[in-house]
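Q: I'm new to this one. Could you take a close look at the aromatic rings and tell me how they pair up?

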Amino acid sequence: KQDPYWLCTEILFKDDIDDYKAQTGLDPYVEPYHRAMCAAVQAGARKKLHLYGRNTFKSYVVTVGDTVRKLLINPNERIVLVNVSLSNARKLLAHVKHLFCNCERLKAIYPEYVPKNPAEFGTQDQFTVPCRTKFYREPSVMATSTGSRMAGPHFSGAKVDDPIDHDNVTTEEQIAQTKEWWERFQYLMDP
């Protein structure tokens, strides 16, 4: 659980990698590139900006894989997944939930994280891992969108994945609203 490259390539996404190889003949994970990406994700600073090109599996590694890794290290984490679109944030959350419910390798190594009834494992907007040891009002993982108004929750971490697009930075007013949202969002994070 400490090595994000191993966790992604050998546990979480092994079946996806094998399927991709079978369909295309290509390995989607390029050892030096993705090992460096994983090392950057794991590196010390709490607030980091990861900039990677399209089709580099950055959402798999940086958002989905690292969210799972952080929960495996500490089941009391409270992580918010943010995307410009609530629909996309929900898809990222669904991917994380899917891994806890359906990834056989993960379930075999970390059975305490497997929900007893996957059909009742949270909602489309949030879930809490069954092995959490502390009570928090916030779920283990929650999905939201850029611009959404949230009052009250406090998160130990955030994965902000594609927070802007042409629809929220086209005009000066939209840019100002997005900046205001970002400033308010900072207050939801634990110090």
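A: Let's start with what a pair is here: rings of Phe, Tyr and Trp (its six-membered ring) pair if their centres lie within 6.5 Å. Keep in mind that this is a predicted model.

With that in hand, look for the cluster: ring pairs tie together Phe-100, Tyr-110, Tyr-113, Phe-121 and Phe-127. Across the whole structure there are eleven aromatic pairs.

One of them joins Tyr-20 and Phe-57, with 5.9 Å from centre to centre and 90° between the planes, so it counts as edge-to-face, since that takes planes over 60 degrees apart. This pair bridges distant parts of the chain: Tyr-20 belongs to helix H2 (residues 14-24), while Phe-57 sits in the loop between H3 and H4, and the two are 37 residues apart. Tyr-20 counts as partly exposed because its relative accessible area is 31%, which falls between the 20% and 50% limits. Phe-57 is partly exposed too, with a relative accessible area of 23%.

Arg-78 lies over the face of Tyr-136, at 4.2 Å from the ring centre.

Definitions and conventions. Residues numbered from 1 in each chain as written. Predicted model: local features only at pLDDT ≥ 70, side-chain atom pairs only at ≥ 80, totals over all residues. Heavy atoms only, no water. Phe/Tyr/Trp six-rings, centres within 6.5 Å; stacked < 30°, edge-to-face > 60°. Helix = DSSP H or I, 4+ residues; strand = E, 2+ residues; numbered from the N terminus. Buried < 20%, exposed > 50% of the residue type's maximum accessible area, 1.4 Å probe, protein only. Lys NZ or Arg CZ within 6 Å of the ring centre and 35° of its normal.
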